[in-house]
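Me: I am new to this structure and should like to learn how to read it. Could you take me through its features one at a time?

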Amino acid sequence: MPHPIPRRALLGTAAALGLSAPALGQRRSAAASVTSAVYPGAWEEAFREHVAPPLKRAHNVDLELQPLFAVDQVAKFAASRGAPPFDCFVLDPGPRITAIERGMFERFDAAKLGNRAQLPPGTADEWGVGCAAQVVGIAYNPKKVPKPGGYADLLRDPWVSRLGITGFGTTFGTISLIELAKAFGGSETNIEPALAELKKALPRIAAVGAPAAMPGLFQQGQCDVMYTNTQTVTTLRDRGVDIEFAVPSTGASTFFTTLHIAKGSENPEAAYRYVETVVSRPVQQALMGAPFNFVPVNREVPLDPGLPMRSLDDMARFNTHDWSKINPLRGGWIERFNREMAR
Amino acid sequence: MTNKAAPWALAAPLGLAYAAFFVAPLLMLLAVSFHTDERMTAFGLDQWRRFLFDSFHWKVVADTLLLGLKTVAATLLLAVPLALAWRAASPFWQRALLFVVIMPLLTSVVVRTFAWIVILGREGLVNQLVLGLGLAADPLRLLQTELGLVISLTQIEMPLLLLPLLSVMARIDPNLVDASASLGASPWRTLFRVLLPLAASGLAAGCLLVFASSTTAFISQSVIGGGRLVYLPAMVWQQAMVVANWPFAATAAVALLLSVSAVIAVIAHAGRLAAGHAGATAHG
């Protein structure tokens with residue numbers, strides 16, 4: 001007996017349904033929704049918990065988060081050719097420069113943020129706005145070693161034999177090694193003095209670790225002094241580790257993790273409301289709390305007493321770095337570090 | 001549909017899935033490695049030239065393969081006696097041992113790796129024991145050494161060797177061991193001439209898994225090995241995720257794939273030879 005509906009037609013319909021299913025999962029382009037890339041892990045958790053609810057409450061905007069590392073955000077945008085896969089980027093200084101050079105951002109108008117006045121000057125520019133700061137210096141265990149004075153001290157006794165270092169793989173690692181190079185006569189574009197000094201000290205250095213392993217190595221006493229950011233220091237201190245942050249004699253370094261609106265975003269208005277929410281006082285206050293320990297960018301947030309500045313405006317004194325100069329050199333530096341440190 | 005075609009038709013969905021999600025990305029990876037520049041605008045052999053004509057990269061390849069071989073050797077050394085003990089044990093103890101063997105698989109590799117920091121660290125369990133017993137004046141340096149990495153990988157990869165080994169061991173006819181003993185063979189001779197050859201297929205499969213898994217154990221290599229031990233997986237990660245030089249990352253990834261596959265082919269061939277030899281001996 002023939003089937004009332006031919007089997008072939010049924011299969012065809014099923015296949016078409018199957019093919020169209022992924023489209024159902026794509027983001028809606030309704031005005032009241034915004035898709036933002038976010039770093040996987042703590043950032044995603046923090047944004048889901050502290051950004052999405054107030055954004056919905058205050059502006060009726062739904063937030064969809066795409067957990068992507070910086071490199072993946074740039075690559076995914078490049079691959080999408082004209083149809084941005086998300087409305088907002090969140091990037092560190094290095095990838096930010098890459099994305100600017102490749103024309104991936106809409107021009108950013110900070111005047112569209114209702115809370116613009118709460119952000120210190122320099123937080124926003126024509127391409128985006130800082131949503132979290134990092135303050136980089138030296139962390140040490142006060143029960144094991146005296147407070148180091150600066151980067152040059154790291155390679156002297158008694159610190160060198162308790163020192164843990166990491167390479168150019170992270171932003172904080174890169175700027176710390178630049179600062180170390182400066183302490184021995186180098187510059188932002190000349191890190192050779194740092195590598196030469198590190199090579200000499202290498203047999204005595206306690207640990208050369210992957211960036212993600214450094215907090216664990218410090219916690220386990222494998223090293224008692226390292227360059228790092230205040231976020232790591234606060235997180236470890238919250239866990240009961242003996243750790244203090246020292247501002248090097250040449251000054252702490254700072255950089256922003258920044259939010260940007262993707263070129264061709266269909267929801268620029270919702271994107272501005274999202275950015276406004278992220279930098280707002282209550283959200284920044286929440287992100288500063290445990291376990292995230294972000295350094296805020298909003299002046300109205302009272303700073304954690306453990307931070308090495310009394311107000312955000314103090315950060316104008318901190319060292320900053322020009323990533324348009326660093327970016328082209330960094331690949332070579334990473335390779336040099338591998339070679340010089342390899343057993 | 002003929003009967004001969006039926007199995008192929010049944011295998012087709014899996015085959016197509018493999019083609020789409022494994023073979024195609026692999027070919028894309030290969031294609032990416034033949035781009036000259038980071039933004040992948042031109043084709044050329046630059047990345048391969050850069051990789052192959054640099055002795056540092058060859059050292060990294062050699063270190064990666066050696067790490068795998070050392071881990072396989074250490075795992076074998078511990079797994080074979082354990083498998084023999086398991087064979088001789090009562091059903092209750094067999095179950096208990098099997099549970100202990102499988103247990104590490106129930107925790108994430110990240111957790112196991114970080115647990116080894118606690119064990120091997122300067123103030124870790126091993127050093128507390130060594131210092132407490134007065135065996136050394138200063139803490140031993142175990143973390144961030146190849147020795148520490150091999151020790152931890154041995155524990156982490158152990159189930160991959162033991163599971164195939166135990167399943168083969170369970171199938172060996174106990175009468176063969178008795179026959180060997182009654183014909184006057186010493187226990188050692190029985191082990192090397194009867195048991196191990198008969199378990200060769202399981203041993204080869206286990207070694208293969210341990211080798212493949214330890215040479216590509218990115219997390220353990222980076223966290224326990226540290227920055228002074230450079231292996232290919234970390235290099236691929238650095239180039240892809242930090243430098244954003246995908247062509248060079250793809251080149252290193254293909255090099256990893258080829259070099260690990262070459263050693264795996266040798267292990268598999270040796271396993272087949274040994275199993276064939278054992279079969280010929282048993283039936284000959």
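Me: How should I begin with confidence, and what mean pLDDT does chain B have?

Reply: Where pLDDT is low, the predicted coordinates should not be read in detail. This model is predicted. In chain B the mean pLDDT is 91, and 96% of the residues reach 70 or more. For the complex, the predictor reports a pTM of 0.88 and an ipTM of 0.86.

Me: Which domains does the assignment give for chain A?

Reply: Domain 1 covers 28–133 + 255–317, and domain 2 covers 135–254 + 322–341. Their C-alpha centres are 27 Å apart. Domain 1 of chain A brings 18 residues to the contact between the two, and domain 2 of chain A brings 19 residues. On the domain 1 side, helix α5 (residues 93–101) of chain A gives the most, with four residues. Sorted by class, that side has 11 nonpolar, four polar and three charged residues.

Me: How many residues has the largest nonpolar core, and which have the most contacts inside it?

Reply: The largest nonpolar core has 138 residues, and A:C88, A:Y274 and B:A252 have the most contacts inside it. Helix α13 (residues 246–283) of chain B supplies the largest share, 10 residues. Both domain 1 and domain 2 of chain A give residues to this core, so it lies between them. Another core, of 26 residues, lies apart from it and includes B:V194 and B:L203.

Me: With which residues is A:C88 in contact, leaving aside its neighbours within four places in sequence?

Reply: Among them are A:V34, A:L259, A:I261 and A:Y274.

Me: How many residues does each chain give to the contact between chains A and B?

Reply: The size of an interface is often given as the accessible area lost when the parts come together. Here one may count residues: 25 from chain A and 24 from chain B. Elements of chain A that give two or more residues to its side include α4 (70–80) and β6 (207–208). The largest share, six residues, comes from α12(A). By class, the chain A side has 11 nonpolar, 11 polar and three charged residues.

Me: Is A:V208 buried or exposed?

Reply: A residue counts as buried when 20 or more other C-beta atoms lie within 10 Å of its own. A:V208 has 24 within that distance, so it is buried. This residue lies in strand β6 of chain A. Beyond its neighbours within four places in sequence, A:V208 is in contact with residues including A:I165, A:M341, B:Q144 and B:R228. A:V208 and A:L163 are 45 residues apart in sequence, and their C-alpha atoms are 8.6 Å apart in space.

Terms used:
Residues are numbered from 1 along each chain as its sequence is written. Chains are lettered from A and ligands numbered from 1 in the order in which they are written. This is a predicted model: local features need pLDDT of at least 70, side-chain atom pairs count only at pLDDT 80 or more; totals for chains, interfaces and linings use all residues. Two residues are in contact if their C-beta atoms, placed from the backbone, lie within 7 Å. Ala, Val, Leu, Ile, Met, Phe, Trp, Tyr, Cys and Pro count as nonpolar, Asp, Glu, Lys and Arg as charged, and the others, Gly among them, as polar. A nonpolar core is a set of buried Ala, Val, Leu, Ile, Met, Phe, Trp, Tyr and Cys residues joined through C-beta atoms within 7 Å. A residue is buried if 20 or more other C-beta atoms lie within 10 Å of its own, exposed if 12 or fewer, and partly exposed in between; C-beta atoms are placed from the backbone. Domain bounds come from an automatic or database domain assignment. pLDDT is the predictor's confidence in each residue, from 0 to 100.
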